[in-house]
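This briefing concerns the structure displayed below.

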Amino acid sequence: MLDVLNEKWPDILDFFKNEFGISDISFKTWILPLKLKSIENDNVVLIFPGESGNTGLQYIKKKYLAFLKIAISETLNQDVELQIILPEDSKETENHANDISSISMEQLSLEQRIQESNLDKKYTFDTFVVGSNNDIAQVTSLAVAESPGEIYNPLFIYGGVGLGKTHLIQSIGNFILSNNPSAKVLYTTSESFTNEVVDLLGNKKHKTPQEDIIEFRQKYRNVDVLLIDDIQFISNKERTQEEIFNIYNDLFLKHKQIVFTSDKKPKDMEGIEERLISRFAQGLTVDIQNPDYETRMAILKDKAAVLGYTLDENVLQYIANHFTSNVRELEGSLTRVISFSKIERREISIDFAKDVLKDLVSPNQEEKITCENIIDIVADHYQISVSDICSSKKSREFTIPRQVCMYLCRVYTDYSLEAIADVLKKDNHATISYGYNKIKKDMETDDSIKNTIEILKKKLNPK
Ligand code: ADP
Ligand code: MG
């Protein structure tokens with residue numbers, strides 16, 4: 001059987017590449033290196049020998065496993081189960097091929113559902129530190145996750161930047177998916193929702209076929225749980241508000257759960273129709289405040305433990321005392337201290353921490369937007385890492401955020417082209433002009449990019 005599979009492997013790869021429109025670079029990076037290991041009772045095992053190890057493995061599983069499974073099943077004309085493992089796990093699998101594959105199929109289906117729901121599995125209640133600043137938001141979120149559509153509907157969570165709103169709303173989704181195999185959950189940000197509306201309904205030149213509009217509405221109406229993050233960004237977007245209003249009414253009447261997050265409570269939101277505001281406030285509204293000292297310490301200890309570190313109390317206290325109003329920055333400072341100590345191979349002492357954080361701890365300095373701020377915000381917004389933005393990776397997933405950084409750095413800072421090139425690790429400053437002009441031009445014709453830039457501007461300048 002392995003022979004047959006080996007013989008068909010090129011056909012499988014062809015099928016995969018053509019059927020799912022995978023780019024050359026993705027194909028070369030992820031799929032070509034895969035090696036066939038075994039096939040037994042319809043269980044196919046592939047080895048992923050990539051240098052990225054477990055991180056690469058998790059990624060390829062999340063992104064391609066389901067497609068590969070289809071490609072193999074279709075080409076062999078037989079349904080198969082598929083496992084991808086690392087070379088070092090290959091021995092172990094020989095003994096337990098069957099039970100491992102059944103576990104991984106279960107995980108796969110959950111992982112697949114998480115992905116289809118647009119969720120990130122890293123956000124769970126287990127990793128959310130509860131303190132007096134967020135306990136009500138946490139407990140009501142958990143209650144909603146346990147009994148969706150039954151108690152607080154909608155649940156509206158509001159609070160400042162970096163305080164855990166996305167973490168909580170996504171935890172609700174992940175909890176429901178893990179506990180209810182048939183629940184349909186959909187997470188979206190109001191930005192991507194708006195972009196969908198703009199693409200479908202806002203294009204005057206090409207009339208969107210009616211079926212596409214129906215399909216879009218069905219997608220949001222056919223769910224048990226709809227999670228909309230950062231709803232404040234629909235402000236002054238009439239078309240989007242109307243769509244949300246209709247979807248909301250439909251779901252609400254069917255007792256389907258709806259959860260929103262926002263930076264403000266409903267009645268303080270501006271540019272939003274009254275009828276929507278009153279619906280936002282129709283269920284339960286809860287807030288998240290800045291974390292108090294104990295919660296900040298608890299978060300730091302948790303994150304350090306996850307990274308495999310136990311730091312001196314005084315180092316943690318120093319960080320907790322200087323980063324008080326944003327959990328993202330709190331975590332970021334801790335990560336910075338840890339990574340610098342790794343790079344410089346130095347012990348983490350209080351002086352070391354002070355030194356590493358000195359640029360960030362500058363209370364008297366006037367707040368000026370820097371290219372570094374922009375890159376952080378853009379990376380966070382697109383859910384990619386800062387190092388990917390500053391790399392030369394060519395897929396659209398990275399080139400667009402990178403060009404968006406170039407654009408925003410030109411508009412919002414007085415850095416020279418050379419200085420921007422430097423921060424973005426580009427050799428040539430002409431690349432920066434190119435990126436800037438490209439986004440500027442795209443904004444004239446592409447409403448989604450225009451909307452994204454608008455949102456990023458708001459994120460850069462929250463006041
Ligand atoms: P928001 O959506 O409110 O801007 P996020 O949910 O993105 O904030 O949180 C920012 C970062 O801080 C995330 O990495 C998140 O996991 C973390 N975080 C926020 N609050 C907590 C908490 N109470 N416990 C653990 N991590 C938290
Ligand atoms: Mg958020």
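**Ligand 1 and its surroundings**

An oxygen atom of ligand 1 is placed 3.3 Å from an N or O atom in the side chain of Glu331, a polar contact, that is, a pair of N or O atoms within 3.5 Å. The protein covers 92% of the 550 Å² of accessible area that ligand 1 has on its own, as given by the Shrake-Rupley method with a 1.4 Å probe. The model is predicted: local features need pLDDT of at least 70 and side-chain atom pairs pLDDT 80 or more, whereas totals for chains, interfaces and linings use all residues. Residues are numbered from 1 along each chain as its sequence is written, chains are lettered from A and ligands numbered from 1 in the order written, and side-chain values use heavy atoms, without hydrogens and water.

*Contacts and shell*

- A polar side-chain atom of Arg328 lies 2.8 Å from an oxygen atom of ligand 1.
- Leu163 places a backbone N or O atom 3.2 Å from an oxygen atom of the ligand.
- There are 18 residues around ligand 1, of which Val129, Gly162, Lys165, Thr166 and His167 come nearest; a residue is near if one of its heavy atoms lies within 4 Å.
- The shell divides into 7 nonpolar, 7 polar and 4 charged residues, where Asp, Glu, Lys and Arg count as charged, Ala, Val, Leu, Ile, Met, Phe, Trp, Tyr, Cys and Pro as nonpolar, and the others, Gly among them, as polar.
- At least two shell residues come from each of helices H6 (165–179), H11 (293–306) and H13 (327–344); helices are DSSP runs (H or I) of at least four residues and strands (E) of at least two, numbered from the N terminus.

*Helix packing*

- The axes of H7 (residues 190–201) and H8 (residues 210–221) come within 10 Å and cross at roughly 160°, with axes fitted to C-alpha atoms over the stretch in contact and angles running from 0 to 180 degrees between N-to-C directions.
- H7 and H8 are therefore roughly antiparallel, the term for angles over 145 degrees.

*Backbone geometry*

- Most residues other than glycine have a negative phi, and most peptide bonds are trans.
- The Asn153 to Pro154 peptide bond is cis, with omega near -5°, and Pro154 lies in the loop between helix H5 (135–146) and strand E4 (155–159).
- Asn41, in the loop between strands E1 (35–40) and E2 (43–47), has a positive phi near 40°.

Key
Polar contact = N/O pair within 3.5 Å; in protein donor to acceptor, adjacent residues only side chain to side chain. Parallel < 35°, antiparallel > 145°, perpendicular 65-115°, else oblique.
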